Amino acid sequence: MINYARHTTLHAVKELTVEQLDFLLDDNSNSIGALLLHFAAVEYAYQVKTFEGRELSEEELAEWGKALDLGEAGREHIKGHELGFYLDRLNRVRERTYELFKSVDDEWLFHEEPFWHNKPANYYFMWFHVYEDEINHRGQIRLIRKRIPK
């Protein structure tokens, strides 16, 4: 599941230029670059939450917060990078995910704790959300890419 989601994401952004990665459909939209960094930020946040049992630190929020929240801060600060910058961040976070998953067994996936609106959820659901979020935003990437002026 994680490899399929990433494979299709990489195909959707293949050979994009800085200008294309920074393109905004309107004043309220996110750029493709911001969405790519969002994928890495979400995955990193879930690593911290599920494997370390904590929230992001102030230092981590300084690094990942704009990509987690997107919006105005993302539009203002996440731009001007080549595709390789985003792919490097995605790859580094994913490599850590692989290493972390090697450290647990399948029973770990069924650990439950309060999640959205204080409802119980297990780690399997939480990690499903990581990939579901990427697949959902990948749809946005495809739409934005089709709207980039030639």
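A cavity here is a set of points, on a 1 Å grid over the protein atoms alone, where a 1.4 Å probe fits but cannot get out. The largest cavity holds about 30 Å³ of space, a volume being the space filled by probe spheres set on the points, which are joined across faces, edges and corners.

The lining of the largest cavity, meaning residues with an atom within 4 Å of a point, consists of Phe39, Val42, Val130, Asp133 and Glu134. By class, three of these residues are nonpolar, none is polar and two are charged. Ala, Val, Leu, Ile, Met, Phe, Trp, Tyr, Cys and Pro count as nonpolar, Asp, Glu, Lys and Arg as charged, and the others, Gly among them, as polar. Helix 3 and helix 7 each supply at least two lining residues, and helix 7 gives the most, with three.

## Packing of helix 3 and helix 7

Helix 3 (residues 32–52) and helix 7 (residues 123–147) pack at an angle of about 175°, with their axes 10 Å apart. Helix 3 is therefore roughly antiparallel to helix 7 (angles over 145 degrees). Axes are lines fitted to C-alpha atoms over the stretch in contact, and angles run from 0 to 180 degrees between N-to-C directions. Helices are DSSP runs (H or I, at least four residues), as are strands (E, at least two), numbered from the N terminus. The contact of helix 3 with helix 7 has 13 nonpolar, six polar and six charged residues.

## Aromatic pairs

The structure holds 14 aromatic pairs, defined by ring centres within 6.5 Å for Phe, Tyr and Trp (its six-membered ring). Phe51 and Trp127 form an edge-to-face pair, 6.1 Å centre to centre with 65° between the planes (edge-to-face: over 60 degrees). Because Phe51 lies in helix 3 and Trp127 in helix 7, this pair ties together parts 76 residues apart in sequence. Both Phe51 and Trp127 are buried (under 20% relative accessible area, 1.4 Å probe, protein chains only). Ring pairs also link Phe51, Phe101, Trp108, Tyr123, Trp127 and Tyr131 into a cluster.

Phe115 and Phe125 form another edge-to-face pair, at 5.9 Å centre to centre and 85° between the planes. Phe115 lies in the loop between strand 1 (112–114) and strand 2 (120–122) and Phe125 in helix 7, so the pair ties together parts 10 residues apart in sequence. Phe115 counts as buried at 15% relative accessibility, whereas Phe125 is partly exposed at 32% (partly exposed: between under 20% and over 50%).

## Basis of the values

Residues are numbered from 1 along each chain as its sequence is written, and side-chain values use heavy atoms, with hydrogens and water left out. In this predicted model, local features need pLDDT of at least 70 and side-chain atom pairs count only at pLDDT 80 or more, whereas totals for chains, interfaces and linings use all residues.

Definitions and conventions
Angles under 35 degrees count as roughly parallel, over 145 as roughly antiparallel, 65 to 115 as roughly perpendicular and the rest as oblique. On a 1 Å grid over the protein atoms alone, a cavity is a set of points where a 1.4 Å probe fits but cannot get out, and a pocket is an open set with protein on both sides within 12 Å along at least five of seven lines; lining residues have an atom within 4 Å of a point. Rings of Phe, Tyr and Trp (its six-membered ring) pair if their centres lie within 6.5 Å; planes under 30 degrees apart count as stacked, over 60 as edge-to-face and the rest as tilted.
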